[in-house]
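Please look through the structure below and keep it in view while reading.

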Amino acid sequence: MRIGVFVCHCGSNIAATVDCPAVAEQAKKLQDVVFTTDTMYTCSEPGQNEIIEAIKEHKLDGVVVASCSPRMHEATFRRALERAGLNRYMLEMANIREHVSWIGKNKERNTVKAFELVSIAVAKLRNDQPLYANKFDVTKRVLVIGGGVAGIQAALDCADAGYQVVMVEREQSIGGKMAKIDKTFPTVDCSSCILGPKMVDVSQHENITLYAMSEVEKIEGYVGNFDVQVRKKATYVNWDNCTGCGACMEKCPSKKNVDKFNEGISTCTSINIPFPQAIPKKAAINPEGCLMLQKGKCGVCAKICPTKCIDFEQKDEIVTEKVGAVIAATGYDMFDHSVYKQYGAGQYPDVITSLQYERLMNASGPTGGHIKRPSDGKEPKKVVFVQCVGSRDPAVGRPYCSGFCCMYTAKQAILTKDHIPDSDSYVFYMDIRSPGKGYDEFTRRAQEQYGVQYLRGRVSMIYPKGDRYIVRGSDTLAGTQVEVEADLVVLAVGAESAKNAPALAEKMRISYDSYGFFMEAHPKLKPVETNTAGVYLAGSCLGPRDIPTSVGQGSAAAAKVMTLFSKDKLESDPQVSRVNTSRCVGCMKCAATCPFGAIKEVTDRAGNVKAEVIETVCQGCGICTVTCPQGAIQLQHFTDNQILAEVNALCQAQVDF
Amino acid sequence: MQALAELKEQIRQALPDLDVVIGWQQGFDALHTRPLFIRSEEDIDKLVVNEFCVVNPASYLRELRGGKKVGLVLKGCDSRSVIELLQEDLLKEEDLTIFGFGCNGILNHTKLQARFGELGFIQSIENDGANVTVVVGDNKETVPFTELCADKCLTCVYPNTLQCSHFVGEESTKKPESEKNKALEEFEKLSLEERFAFWQDQMRRCIRCYACRNACPMCVCKDHCIANSREPKWLSEEVDVQNNFMFQLIHVMHLTGRCVECGECERACPMDIPIMLLRRKMAGVIRDVFAYNAGTNAEDTPPLMCFKVEEPTIEERH
């Protein structure tokens, strides 16, 4: 075998702390290595051309590139090999940037380690085999999980491009958090006026199938061919016939249900349509509050319903859909502010969250858009906003900035003045973070034109005094303690990941961070892709996002899906497991441990049970290979022999530079 | 065993539907039994069940896989290996007929030998359950059973055959002498260096005859044991401390969460290497980490045979 080694300087990224020419020189001594060199940027056009020329000139069978993470450029170098006529799997990368130069500053020791990584790569390459990909069909339908603004945008874009879309929404109506919001910053547009038509488009679009009150139960398969099970939760109303007339809501005797859509600041009936613009506009029964379902007595709605669509016997239903791609746009939840005991949240009626305040200001909210104190219905004259409740606070496990609270607080302060012209607003803030287009101007307008008092410092305590509240905090700019007497306190609660996000991530087989937000494949270059092919992300499921970013990401994810669907056939990755049937004893432990369901049981001609890998389902994780006691199942490109060769190379005597 | 006649009758009735029934027969002397493969009526009379029935009949099952109808006479500990094999889908329940009984413990030949010299000199041996009376020459000595029984019997909590088709006689009410194996307890008091030195010393004696592997009912790789494999080649043929230790550790890792601690490996070892220590240690780890006892319930899935996002006994997130 003839091997070429290319050591990349990565500008000064690697070369500053690794002696690249020395590594290249030393690599000449490794077995089968016939050519070595070091280049400034191996990934650049001249760098790739150098590889191609060396392959031709020195008749190389395989190439080792010592540079950055294979995640960054493995595909790049594989293409270069292919252009030179080699099989693309005859490439090994030694990660001497992330694994060496970025983590250590001792040049001598870095050089030794870089050489060791190169020798491991050479040892593996000596055991590598050419691999060939298979082709398979693509199902050109897409699943969109979550019907918030990001999901709606993604669904509409895909549907307009002519692809079938299945949208699954957990709640009774699509619209997400944006549907609850009164006005949007910085333009002070009516939120539901700009979202409403898009929601209607979703329900009207011939290419979109909408499952509301539904959740994804299971996702199986692989890019291009996912099998999705959707659980349609029982609504106790036959939605095929329900016209959304609302007669049932008027007559329902049970009126004390917590109104989830109004963030719990009002009550609703047990059979309910959450808001006038709801899509689908269908009623659903809350089984916990329904007298008929709880006690077996009532049934008024069933008597009154003109289309006879009430069905107390309804059960959850599982529907199966075949799709080729998945877009997750599951959004976020609001931080549970009640952990801030010192703010009395949940205890004092007039200490409310920002989203509750949003409902109070909303014309379709429980107060018809009049700001009234929840305790006594009086108009508050002094409103205090407390920022960073559950943001930038390691003490409650939320060290990150939720991003949009500065802006919505400024908006709410401005709107407060519009609603109640003789009111005063105070904002306790830590920093004002308003980097978007027109955002800084907007927060300045709140301060300069609307006279909102901004106090820089955290609030230490809120306590009642008579029917008002004392908000005690610090003003770090003035260097004093301040106390503000308020009629109403609004806590700007931060965003956290949706409650079921980790469970859903496991179903989709994508990674998530320690806060439960989904992880993009690359924070800069693949912001809406995941490491699982065919699964894309949009909106706040990735981390707190405002509306423009969410919409942008919805379109970006849709564009990725369209790129995928523009091909009729996809190539499978040949780096998958393969069974040596003569060794397999048919214990099927591999199948039991496979997290992807990629191994099936077959019977050979002699009637013995054997394992077989479904190539397109296998993700190449290798769990089966370590489970198999016989070593009968081997991961192509990561076989036992290849890994043993690496270990043996690493155990060789150290080379001094 | 009083119920022996009853057991024989049960086997007699079941035999027409079975290819073979595995039990024990008298060996070359009174102190040994050897496996008995009952294929016809006359074989049944050779069956014995006593405190010398040390061999685990389940060890023969891997050769009998594939549609053969097999009957087994099993002690409590032996039955755990069958249950483990059932859990791992290596056996089919409908192919098995298990004859169970209550076991009061078995005797350990090494301990007998250490106490009374060559076993050939023992003239008679009697066991009343609590004490063993041994006659060697003119000497007659009575020793508590617990001093001569197999180590596994001292900590045994499953004296009765688990999950059997037929049960004969009365259930054993034997209670474990101690919760944890004494040798293991002593071993765990050693420092890591001392433990390593101990094993280095033991592994010097290992001759890599693979008797431990061959006797193990859970070793199912058959001809493809990685100890002999050339492709990939994990172990050198050289019999030295390193390779011996490597082989034993591989064996233990293959038994992680599967070993039912039947003790066949150690019993089969011609060099008397205490390899059960390694297995008991690992079984303890599995109990601590997964709250799981191998081979006690055929419905269970062994912890290392399934993929779970979160283990109920391991707190990963806070």
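H12(A) crosses H13(A) in a left-handed way, where left-handed means that the near helix is turned anticlockwise from the far one by less than a right angle, and right-handed that it is turned clockwise. The names come from DSSP runs numbered from the N terminus: a helix is a run of H or I with at least four residues, a strand a run of E with at least two. This is a predicted model, in which local features need pLDDT of at least 70 and side-chain atom pairs count only at pLDDT 80 or more, while totals for chains, interfaces and linings use all residues. Residues are numbered from 1 along each chain as its sequence is written, chains are lettered from A and ligands numbered from 1 in the order in which they are written, and side-chain values use heavy atoms, with hydrogens and water left out.

Two packed helices are described by the angle between their axes and the distance between the axes. For helix H12 (residues 405–419) and helix H13 (residues 439–448) of chain A, the angle is about 40° and the axes are 9 Å apart. That angle makes H12(A) oblique to H13(A). Angles under 35 degrees count as roughly parallel, over 145 as roughly antiparallel, 65 to 115 as roughly perpendicular, and the rest as oblique. The axes are lines fitted to C-alpha atoms, for helices over the stretch in contact, and the angles run from 0 to 180 degrees between N-to-C directions.

Which residues make the contact between these helices? On H12(A) they are A:Cys406, A:Met407, A:Ala410, A:Lys411 and A:Ile414, and on H13(A) A:Tyr439, A:Phe442, A:Thr443 and A:Ala446. Contact means heavy atoms within 4.5 Å. Seven of the residues in this contact are nonpolar, one is polar and one is charged. Ala, Val, Leu, Ile, Met, Phe, Trp, Tyr, Cys and Pro count as nonpolar, Asp, Glu, Lys and Arg as charged, and the others, Gly among them, as polar.

Chain B has a helix pair to set beside this one. Helix H10 (residues 241–254) and helix H12 (residues 276–290) of chain B have axes that come within 10 Å and cross at roughly 35°. The crossing of H10(B) and H12(B) is right-handed. B:Gln248, B:Leu249, B:His251, B:Val252 and B:Met253 of H10(B) meet B:Leu278, B:Arg279 and B:Met282 of H12(B). This contact divides into five nonpolar, two polar and one charged residue.

In soluble globular proteins, nonpolar side chains tend to be buried together. A nonpolar core is a set of buried Ala, Val, Leu, Ile, Met, Phe, Trp, Tyr and Cys residues joined through side-chain atoms within 4.5 Å. Buried means under 20% relative accessible area, exposed over 50%, and partly exposed in between (1.4 Å probe, protein chains only). The largest nonpolar core has 76 residues, and A:Ile271, A:Ile285, A:Ile327 and A:Ile599 have the most contacts inside it. Elements of chain A that each supply at least two residues of this core include helix H6 (149–160), strand S18 (325–328) and helix H15 (547–565). H6(A) gives the most, with eight residues. Leaving out residues up to four places away in sequence, A:Ile327 touches residues including A:Val142, A:Val144, A:Ala154, A:Cys158, A:Tyr536 and A:Val561. Another core lies apart from it, with 53 residues, among them A:Val389, A:Met407, A:Val452 and A:Val484.

Chain A as a whole contains 18 helices and 34 strands. Its C-alpha trace spans about 85 × 70 × 40 Å along its principal axes. Of the 657 residues in chain A, 56% are buried.

Some details of the backbone remain. The peptide bond between A:Phe185 and A:Pro186 is cis, with omega about -10°, and A:Pro186 lies in the loop between strands S8 (183–184) and S9 (189–190) of chain A. A:Ile279 and A:Pro280 are also joined by a cis peptide bond, with omega near -5°.

A:Cys10 has a positive phi near 50° without being a glycine. A:Cys10 counts as buried because its relative accessibility is 14%. A:Cys298 also has a positive phi, about 135°, but counts as partly exposed, at 31% relative accessibility.
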